[in-house]
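Colleague: I would like to learn how to read charged side chains in a protein model. Could we go through them step by step?

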Amino acid sequence: MNSASKGKTSLAKFEEFFSTTYKDDVFEILEKYPDERSLIVDYHDLEMFDPDLADLLIEKPEEVIAASQKAIKNIDPLMKDAELNIRFKNLSNIVPLNILLSKYIGKFVAADGIVRKTDEIRPRIETGVFECRGCMRLHEVEQTSSNVILEPSLCNECGGRSFRLLQEESKYIDTQTARMQEPLENLSGGIEPKQMLLTLEDDLVDTLNPGDKVRITGTLKTFREERSGKFKNYLYVNHIEALEQEFEELDISEEDEAEILELSKDPHIHDKIINSTAPSIRGYRSVKEAIALQLFGGSKKELEDKTHLRGDIHILIVGDPGIGKSQILKYVSKLAPRSVYTSGKGTSGAGLTAAAVRDELGGWSLEAGALVLGDQGNVCVDELDKMRSEDRSALHEALEQQTVSIAKAGIMATLNTRCSVLAAANPKFGRFDRYKTVADQIDLPAPILSRFDLTFVIEDKPNVENDRKLAQHILKTHQYSSVEYEIEPELLRKYIAYARKNINPKLSEGAVQVLEDFYVEVRGGAVEEDAPVPITARQLEAIIRLAEASAKLQLKESVDADDARRAIKLQKKCLEQVGYDPDTGKIDIDKVEGRTPKSDRDKIQKVVEEIEKLEEIEGGAPIGTLKETMKEEYDVSGEKLDSMLKQLKSKGLIYEPKTGTYKKVPE
């Protein structure tokens, strides 16, 4: 059967299809929603009605879609010559982007991906109206190319060959280009994701945002680039379906599900999952436990007033060089069902959040960065301390509000970054100094530090017994090139995906009581005036997330007292490492979050008082006398005093009328 015969057959079949199976849908859209420009047809319905027609749609989409649109006009019950786009959903021909190559050109396909970039909306000329320069007669020419305007070949009236395009009389359609890339769960570490150019027209424009996870149905076409002369593939989009469910693309069979449920009943499941997290690195149990809980995540909640409470857990690992921080991050980026890995050294703020970039025609468009692409997954940021301070500030909103707001080049947008962040940083001075406070050695601002639920400090301390075990472990790994897993990585990946998708645990009364008692008890030691604050509500929320993750790890629907105790133990370990103040012997939350601790604030106040005293006696406070007094009476070293004086000067509380002498600024 030739193409014309197939076209007529398709037209007749679609007329029957729209008059019978889709009669109500057609009437509803024409009668009730006259402003609607598209009718959505379920591909399964078409397949049930006529399998041959459904197959022909896959093979010859342009002809079949044109026939379907003509059929609607022919059977329009309102006789309005209806012009509707026919869009097909639930296509069975789903092709991964990495194999969507030249053999599919001209075919109707569906592909899943993450929207990386969207360009400006522009008009495309659909029907050009031309005026003959000789006799002024008007000619209409349908335009099939977006790059070249097709003119009439000859004037029917006078035989002239010179025409003028009447731009305002011509008919236009909105068009937009976008770019999507492979879903992150289809990638293993180190593979560059495949990308695909998308062309959207009419009512599909302005429906995509960077970071959206979508299934695109359309015709794979090709065009020739003017500059290079090379051919390039693109998808002419017919239908867009949002894929909001987490980890839906990770294929979990019935056998996998049975194995996952069986595994969750193991009384040692907690230890098995911890031991299967970065098994090539020995030790660091607390860090591995925290990362295991982060992979599962807490329960996200939306309150009645539309306030969002995040369930994602953020972790910061600060440690000496050569202890395997980067290796842990790399392993997590491969284990997490959806993940992005980036290093702070080569990452800009725009690369983390979103960038405004110029498109081929000089307009501005938005391109998604690592945190947006990692939405609903894990983002691993190595060498966080190496990022420029102005780029690190991009993390503030992303970590707590889980959005990024962009105001660049006239583009105002808010994108989702609902991801868990696992970051690693080195101490400010290369290695940890046991005689300096931990907060002083983390080269990160307080607002960033305070947004991490857990901060771990790992020191490389020589120890004969531990060093021998570590050496044996490394040598064994190199000797046999193998690692022993308690749970195979692929099964663990599916286990995590299953838990995140299906389990949403709630706090039990027992867990609530344990958490309440802990919070009140820890803060109870700070009731006397001017005592350091040990923890705040922010830490309590972090413990709740960890407890929920512990329950989710065991596929439980309820968070019990044991989960709460496990979360408390982990949080206390971090607080004791980072927040212990040797001057007071207590935990000070200001130390954890990078602010000036209570003991230092008291000493700064003493410095101001001593300057006032010396000013009354000597007309100013000489640096030598000040250092001597502060060392004898308050055990403040000269180096510490210099730091305090610098801080007081920057805040405008003291000034230096002459070198080496200080005075208090009058109030």
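Predicted model: local features only at pLDDT ≥ 70, side-chain atom pairs only at ≥ 80, totals over all residues.

Colleague: What is the general idea behind a salt bridge, and how many salt bridges does the structure hold?

Modeller: Side chains of opposite charge can pair when their charged atoms come close. In this model there are 22 salt bridges, and one of them joins the side chains of D203 and R87, with 2.7 Å from N to O.

Colleague: Is R87 buried or exposed, and how should I class D203?

Modeller: A residue is called buried when its relative accessible area is under 20%, and exposed when it is over 50%, with partly exposed in between. R87 is buried because its value is 7%, whereas D203, at 24%, counts as partly exposed.

Colleague: Which residue meets R500 in a salt bridge, and where are the two partners placed?

Modeller: The partner of R500 is D312, and their side chains meet at 3.5 Å, N to O. R500 sits in helix α16 (residues 489-502) and D312 in the loop between β11 (308-309) and β12 (315-319), so that the pair links distant parts of the chain, 188 residues apart. R500 counts as buried at 9% relative accessibility, and D312 counts as buried at 8%.

Colleague: What can you tell me about the salt bridge between K664 and E612?

Modeller: Their side chains meet at 3.9 Å, N to O, and they connect strand β27 (residues 661-664), which holds K664, with helix α21 (residues 598-618), which holds E612, across 52 residues. K664 is buried at 17% relative accessibility, but E612 is partly exposed at 35%.

Colleague: Which residues are linked in a network of salt bridges?

Modeller: That network is made up of E289, K556, D560, D563 and R566.

Colleague: Finally, which residues gather in a patch of negative charge?

Modeller: On the surface, D24, D25, E28 and D45 form such a patch, and helix α2 (residues 23-31) gives the largest share of this patch, three residues. E28 has its place in helix α2 and, at 34% relative accessibility, counts as partly exposed.

Methods
Residues numbered from 1 in each chain as written. Heavy atoms only, no water. Salt bridge = Lys/Arg side-chain N within 4 Å of Asp/Glu carboxyl O. Buried < 20%, exposed > 50% of the residue type's maximum accessible area, 1.4 Å probe, protein only. Helix = DSSP H or I, 4+ residues; strand = E, 2+ residues; numbered from the N terminus. Patch = residues over 30% accessible without salt bridge, like charges linked within 9 Å, V, L, I, M, F, W, Y side chains within 5 Å. Areas by Shrake-Rupley, 256 points an atom, 1.4 Å probe, with all protein chains shown as cover. Lys, Arg positive; Asp, Glu negative; His and termini not counted. Charge placed at Lys NZ, Arg CZ, Asp CG, Glu CD.
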